[in-house]
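Please examine the sequence and the structure shown below. The briefing that follows is arranged by topic.

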Amino acid sequence: MSQMIKRALIYRADAVLLFGILLVVALYFGQPFLIPLFFAFILSLLLLPVSQKLENWGIGRIGATLLSILLLLLFIAGFCGVIYAQGTRLVQDWPQIQPKLLKLLNTVQAWVQQEIGLSPQQQIQAVKAQLEKQSSSSGKLLNTVLGGIGGMVTSFVLVLLYIFFLMWKREKYPEFILKLFAVEHHPAVQSALSKIAKVSAQYMMGRLFSMIFLAVFYMIGLSIIGLKNALLMSWIAVIPTLIPYVGAFIGSTFPLTMALVSGSSDLVLPTAAILVVAQAIDNNIIEPLVMGAELNLSPLFTIIAIILGELLWGIPGMILFEPLFAIVKIICDHVPALKPYGFLLENEVKEPQWIRKVRQALGRTSH
């Protein structure tokens with residue numbers, strides 16, 4: 001009897017391991033298809049309330065869907081327009097920035113010489129060697145860049161098409177999933193689908209609200225201290241925050257560098273203070289109020305999701321794998337055999353009582 005139990009446990013472990021390997025392989029080789037589809041899935045849930053509101057005003061399903069997508073395109077175009085307008089100002093300020101940038105580079109060179117032992121001449125030679133190496137394959141590099149741009153355009157078009165079809169026939173997909181299960185399991189399946197839709201939409205809405213808050217805080221704070229191109233630096237600093245944890249550190253390098261090269265050294269500490277205060281408010285007040293415990297994902301597995309996402313899908317994976325792990329947790333919570341894995345993924349950090357009270361006062365409760 002014990003031998004049969006051991007064989008069963010070994011068989012189950014082998015099955016789980018094989019499934020995990022096949023899943024990783026499918027995610028890696030399926031990224032050209034899966035990345036646009038998953039982006040479209042989350043964005044369609046974000047746009048769904050807009051489409052439903054337009055339909056309530058008497059606009060047909062197709063018209064409401066197209067108008068929702070148009071609003072998304074206008075938002076993206078407006079954002080890019082602001083970046084472009086501010087970028088032209090940065091180009092105009094370049095003659096004043098260049099001397100200070102050269103001074104900063106000289107300081108870095110002196111530090112490298114002191115810490116590593118490479119003289120400025122050796123550092124320049126190393127950079128030239130790398131440039132020559134890159135220039136020798138310039139044709140390949142150009143093809144790679146052009147291919148990357150073409151791939152981005154294709155993926156963006158695919159995202160828009162997926163959004164349209166996901167929103168247009170949105171009742172069909174839950175019905176299809178229900179048909180895969182016996183009738184007695186339909187309540188649990190409907191509960192899981194409802195929670196997945198809510199968590200995915202809430203995640204994107206929370207990220208968007210967080211980015212807007214940070215951008216406004218940065219713009220006001222950096223403008224008050226007199227940092228040049230404060231609007232541009234604010235938006236550039238905010239974009240990487242789409243990536244949890246890591247994005248805030250990446251984004252902060254841009255305004256800090258601008259403070260070093262465009263103003264006096266006295267601007268560095270105020271700039272750093274503004275960045276730290278904004279992130280502290282966002283992490284401890286804004287995100288808990290907007291997203292709360294909706295994702296309910298352990299910080300450890302959030303970091304694992306970011307790392308695994310980068311390994312499999314690159315930067316898109318760093319953005320998408322956190323909500324993907326949250327969806328996996330919801331599925332685990334609704335499948336009895338997988339509940340231990342849902343428990344493993346669950347967030348151990350309890351929501352502060354005052355955050356819960358504020359959310360309840362605003363009419364929102366966490367689960």
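**Briefing on the predicted model**

Helices (H or I, at least four residues) and strands (E, at least two) are DSSP runs, numbered from the N terminus. This is a predicted model, in which local features need pLDDT of at least 70, side-chain atom pairs count only at pLDDT 80 or more, and totals for chains, interfaces and linings use all residues. Residues are numbered from 1 along each chain as its sequence is written, and side-chain values use heavy atoms, with hydrogens and water left out.

**Chain as a whole**

- The chain has 15 helices and zero strands.
- Of its 367 residues, 32% count as buried, a term that means under 20% relative accessible area, with exposed being over 50% and partly exposed in between (1.4 Å probe, protein chains only).
- Among contacts (heavy atoms within 4.5 Å) with a separation of 6 or more, 72% join residues 24 or more positions apart.

**Annotated regions**

- The unreviewed UniProt entry lists "transmembrane region" for several stretches, including residues 62-85 and 301-321; such annotations may be inferred rather than shown by experiment.
- Residues 301-321 are 95% helix and 0% strand, with their end C-alpha atoms 10 Å apart.

**Helix H2 with H13**

- Two packed helices are described by the angle between their axes and the distance between the axes.
- The axes of H2 (residues 31-56) and H13 (residues 315-334) come within 11 Å and cross at roughly 60°; axes are lines fitted to C-alpha atoms, for helices over the stretch in contact, and angles run from 0 to 180 degrees between N-to-C directions.
- H2 and H13 are therefore oblique to each other, given that angles under 35 degrees count as roughly parallel, over 145 as roughly antiparallel, 65 to 115 as roughly perpendicular and the rest as oblique.
- Residues in this contact include Phe38 and Phe41 of H2 and Pro316 and Leu320 of H13.

**Helix H2 with H8**

- The axes of H2 and H8 (residues 186-225) come within 8 Å and cross at roughly 85°, and the two helices are therefore roughly perpendicular to each other.
- Among the residues that meet are Leu43 and Leu46 in H2 and Ala197 and Ser200 in H8.

**Glutamine 279**

- Glutamine 279 lies in helix H11 (residues 268-290) and, at 15% relative accessibility, counts as buried.
- Leaving aside residues up to four places away in sequence, glutamine 279 touches Leu214, Tyr218, Thr241 and Ala248.
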